[in-house]
Amino acid sequence: MRLSAPKRVLARATAVLVLTLGMATGTTGLVSGTDAHALPVTEGSLSFSGDEGDWISQGQSYAYSTASEDRLDISADNANNSVRLWVDAANGDWWSLDLAAPSGNTLAPGTYTGATRHPFNEPTEPGLDISGNGRGCNTLTGEFTISEVEFGPQGYVKKLDATFVQHCEGGTAAARGEVHIDNPTPPAELDLGLAVAVEGTASTLNGEATLHGTVSCNKPVQVDVSGDVTQVKKQKLIRGSFTTPVSCTPGSPAAWTATAVPTGDVPFQRGDVEVEARATATDPDYAQPVTVSETVAVHLKRA
């Protein structure tokens with residue numbers, strides 16, 4: 001029976017959890033997962049085969065590619081020390097491949113010998129792991145060669161050409177394969193700008209402070225502008241917070257207006273206040289939050 005895409009993903013997630021729990025028995029330490037968001041591969045392939053007796057390959061050959069409508073996703077960690085490739089094949093197969101340099105090193109062209117299972121490899125060892133379809137190694141040894149690798153921001157992998165050899169549980173049988181990734185030039189990271197006008201108003205009716213300003217961006221995003229307002233009047237501390245959403249598009253600043261409600265029974269009044277403002281949005285290309293902040297002295301007029 002062929003599963004639909006959502007059901008395949010759910011089945012894969014369940015199997016990965018079971019597989020991870022099973023393989024983690026007897027291990028110590030924390031798993032340092034990939035920090036960056038995985039992005040779809042534009043053009044790429046993964047192929048491997050194995051000797052008779054190899055647990056991962058079962059002695060069979062496998063080949064997947066974007067040209068065959070198999071889904072490939074890839075990301076590097078934020079230090080560009082490791083890469084992880086996921087394959088969600090059109091035929092229902094699923095695999096993952098991890099390649100990692102020793103701790104503290106950027107993954108670069110070269111041959112990495114003495115690799116052990118990532119992410120449980122010792123800091124001085126390279127990391128490797130090819131697993132999937134419900135099969136994985138509890139321990140492994142192997143090596144891999146990086147012919148070419150090129151990173152972009154936020155874990156973006158532009159190019160990767162590598163070969164690998166993996167032995168499960170100290171056996172002589174091996175899985176051997178190669179991976180080729182060719183992605184376009186990475187998108188620019190989200191760049192936000194935040195401005196707070198130096199004049200605002202204090203309402204004589206409800207004591208609220210109204211502030212305004214602009215935000216700017218280099219790609220369309222929904223921005224949350226928030227912050228805190230502090231004023232001292234007659235030795236009394238007056239505080240309040242504000243938040244407002246703003247739709248930002250490149251090309252011209254987007255105006256925002258927000259109201260801060262005093263937290264106590266003393267209203268905001270005419271005079272100077274300190275405004276600590278923040279603008280936050282999620283980069284639509286890298287799924288990472290971006291925040292900019294400004295601290296500005298604002299003069300409130302009566303309204």
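Analyst: Leaving out residues up to four places away in sequence, Ser 65 touches Gly 44, Ser 45, Asp 70 and Leu 72, where contact means heavy atoms within 4.5 Å. This is a predicted model, in which local features need pLDDT of at least 70, side-chain atom pairs count only at pLDDT 80 or more, and totals for chains, interfaces and linings use all residues. Residues are numbered from 1 along each chain as its sequence is written, and side-chain values use heavy atoms, with hydrogens and water left out.

User: Why is Ser 65 called buried?

Analyst: Buried means under 20% relative accessible area, exposed over 50%, and partly exposed in between (1.4 Å probe, protein chains only). Ser 65 has 16% relative accessibility, so Ser 65 counts as buried.

User: What makes the meeting of Asp 51 and Arg 176 a salt bridge?

Analyst: A salt bridge needs a side-chain nitrogen of Lys or Arg within 4 Å of a carboxyl oxygen of Asp or Glu. For Asp 51 and Arg 176 the N to O distance is 2.9 Å, so the pair qualifies. These two residues are 125 residues apart.

User: Which label does Asp 73 get, buried or exposed?

Analyst: Asp 73 is buried, because its relative accessible area is 12%. Its side chain meets that of Arg 71 in a salt bridge (2.8 Å, N to O).

Key
Helix = DSSP H or I, 4+ residues; strand = E, 2+ residues; numbered from the N terminus.
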